[in-house]
Amino acid sequence: MRALALDVGQATIGLALTDEARIAAHPLRVLRRVGNDGDVDAIVAVVRANDVTDVVVGLPLELSGRVGHRARRVAALVDVLRARLPAGVALHEQDERFTTAEAQRVLLAADLSRARRKGVIDQQAAALILQAWLDAQRARG
């Protein structure tokens, strides 16, 4: 019973997965975007393969908190995903403002090369989104 997070970008989707105890989020991989239908097929395959019960999608709100162009693009994917997730899998949205910048700081601190950072930044951002969601769940009790 794991949770999966998505950091949806224009060209890629970063994925992160919890451990089985749902204590920590771990970067999983990056999917190349192929369009909402193909993206959802790939996401649903990951959900089924990993016994996922919750999918957390990062919502890229504007700094003001408003829903802008990027968030509307993610919402279009969420609509398709919501309709095609297996029964019993819950979908959650999580504010993802600043996660990419935070992921960049984490990767810089780990002294990764620019090329290596580019390859893992989206999955690291997804892990930060997922960890924030996990922490909020624990705080609610």
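Q: Exposed means over 50% relative accessible area, buried means under 20%, and partly exposed lies in between. Is Arg72 buried or exposed?
A: This is a predicted model. Arg72 sits in helix α2. Its relative accessible area is 51%. The cut-off for exposed is over 50%, so Arg72 is exposed.

Q: How far is Arg72 from Leu61 in space, C-alpha to C-alpha?
A: Along the sequence, Arg72 and Leu61 are 11 residues apart. In space, the distance between their C-alpha atoms is 9.2 Å.

Q: What is the mean pLDDT of the protein?
A: Of the residues in the protein, 83% reach a pLDDT of 70 or more. The mean over the protein is 87.

Q: Which helix has the lowest confidence?
A: Confidence is highest in α1, at a mean of 98. Where pLDDT is low, predicted coordinates should not be read in detail.

Q: How many residues of strand β4 are buried?
A: Strand β4 covers residues 52-59 and is mostly covered. A residue is buried when its relative accessible area is under 20%. Of the eight residues in β4, the number buried is eight.

Q: In which sense do β1 and β4 pair?
A: Five bridges join β1 and β4. Arg2 stands opposite Val52 of β4. The sense of the pairing between β1 and β4 is parallel.

Q: Which residue in β5 is the bridge partner of Val55?
A: Strand β5 spans residues 90-95. It runs parallel to β4, and six bridges join the two. In β5, the partner of Val55 is Leu91.

Q: What is the handedness of the β-α-β unit made by β4, α2 and β5?
A: The two strands of this unit, β4 and β5, run parallel. Helix α2 is the helix of the unit. The handedness of the unit is right-handed.

Q: What span does α1 reach from its first C-alpha to its last?
A: Helix α1 has 14 residues. At 1.5 Å a residue, 20 Å is expected. The span in the model is close to that, at 20 Å.

Q: Why do the buried residues of α1 lie on the same side?
A: The buried residues of α1 are Asp39, Val40, Ile43, Val44, Val46 and Val47. They lie on the same side of the helix because they cover an arc around its axis of only 155°.

Q: Which exposed residues does the other face of α1 carry?
A: The buried side of α1 includes Val40 and Val44. The face turned away from that side carries two names, Arg48 and Ala49.

Q: How many salt bridges does the model have?
A: A salt bridge needs a side-chain nitrogen of Lys or Arg within 4 Å of a carboxyl oxygen of Asp or Glu. One of them joins Asp79 and Arg82 at 4.0 Å. By this rule the count is eight.

Q: How many residues apart in sequence are the parts that Arg2 and Glu20 tie together?
A: The side chains of Arg2 and Glu20 form a salt bridge at 3.3 Å, N to O. Arg2 lies in strand β1 and Glu20 in the loop between β2 and β3, so the pair ties together parts whose separation in residues is 18.

Q: Is Glu20 buried or exposed?
A: The relative accessible area of Glu20 is 62%. The cut-off is over 50%, so Glu20 is exposed.

Q: Which helix holds the salt-bridge partner of Arg84?
A: Arg84 meets Asp41 in a salt bridge of 2.0 Å, N to O. The pair links distant parts of the chain, 43 residues apart. Arg84 is in helix α2, while Asp41 is in helix α1.

Q: Which helix holds both Asp79 and Arg82?
A: The side chains of Asp79 and Arg82 meet in a salt bridge, 4.0 Å from N to O. They are three residues apart, about one turn of the helix. Both lie in α2.

Q: Which loop holds Arg22?
A: Arg22 is not a glycine, yet it has a positive phi of about 60°. Its place is the loop between β2 and β3.

How values were computed: Residues are numbered from 1 along each chain as its sequence is written. This is a predicted model: local features need pLDDT of at least 70, side-chain atom pairs count only at pLDDT 80 or more; totals for chains, interfaces and linings use all residues. Side-chain values use heavy atoms; hydrogens and water are left out. Helices (H or I, at least four residues) and strands (E, at least two) are DSSP runs, numbered from the N terminus. Buried means under 20% relative accessible area, exposed over 50%, partly exposed in between (1.4 Å probe, protein chains only). pLDDT is the predictor's confidence in each residue, from 0 to 100. Two strands pair if DSSP finds at least two bridges between them. A crossover is right-handed if, with the strands pointing away from the viewer, the path from the first strand over the helix to the second runs clockwise. The expected span of a helix is 1.5 Å times one less than its number of residues. The arc is that of the directions from the helix axis to the C-beta atoms.
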